[in-house]
Amino acid sequence: MTTQIPAGYTYGSTAPSPVSPEELAQLEASVLFTADDQEALRTAGDVLEDQVEDVLDVWYGFVAANPHLVAYFSTPDGTVLNDYLGRVRGRFGQWILDTCRRPHDREWLSYAHEIGLRHTFEKKNKTDDAPSVSHIPLRYMVAFIYPITATMRPFLAKKGHGEEDVERMHQAWFKAVTLQVILWLRPYSSDRW
């Protein structure tokens, strides 16, 4: 699953998440994520495996079309960092497959926390030593749930699955993205919250 991913993909070797397995189970229940969703995601992983670059083209096109979003892959003076975009792209593609295939265990929790940290003042730009802006505001982390979910459905429908199966995969993807964004936001808040 990790062939030719740029440096920085550290799944399985990150610091532990402060979120406990019990808290994860409660979050999964809160977004109605079930074993059936995990199964639907595994099917989605098979459907998406050879479409990852096409999905990323859509997502990167969306970011590029919005100057306020591409700014987070730019220097503070606005120069787009194409090398940085490319390195992140490899990890983003792997994230699609990990979302579909990885079990929600401690390693998964820890990597979700690491992804969140990499969007905050604490770790943004450190993985790639990029001279970019210092963080991505929380509001854009939440806002990204919709485009990353809505744009996935056409890709899930491309392999001849029936409408019911496509909807099952799409709903599982929506729940999985929502769950991960919740986990990514943990580093944005103090323990008090």
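View 1. Count the contacts (heavy atoms within 4.5 Å) in the chain with a separation of 6 or more, and 80% of them join residues 24 or more positions apart. Keep in mind that this is a predicted model, where local features need pLDDT of at least 70, side-chain atom pairs count only at pLDDT 80 or more, and totals for chains, interfaces and linings use all residues. Residues are numbered from 1 along each chain as its sequence is written, and side-chain values use heavy atoms, with hydrogens and water left out.

**View 2. Helices from end to end.** You'll find ten helices and zero strands here; helices are DSSP runs of H or I with at least four residues, strands are E runs of at least two, and both are numbered from the N terminus.

**View 3. The nonpolar core.** The largest such core holds 57 residues, meaning buried Ala, Val, Leu, Ile, Met, Phe, Trp, Tyr and Cys joined through side-chain atoms within 4.5 Å. Buried is under 20% relative accessible area with a 1.4 Å probe, protein chains only. Among the residues with the most contacts inside this core are Trp-59, Trp-95 and Trp-173. Helix 10 (residues 163-185) gives the largest share, eleven residues. Across the chain, 49% of the 193 residues count as buried.

**View 4. Around Leu-48.** Leu-48 is also among the core residues with the most contacts inside it. Which residues does Leu-48 touch, leaving aside its neighbours within four places in sequence? They are Val-55, Ile-96, Cys-100, Met-152, Phe-155 and Leu-156.

**View 5. Overall extent.** The C-alpha trace spans about 50 × 40 × 30 Å along its principal axes.

Conventions. Buried < 20%, exposed > 50% of the residue type's maximum accessible area, 1.4 Å probe, protein only.
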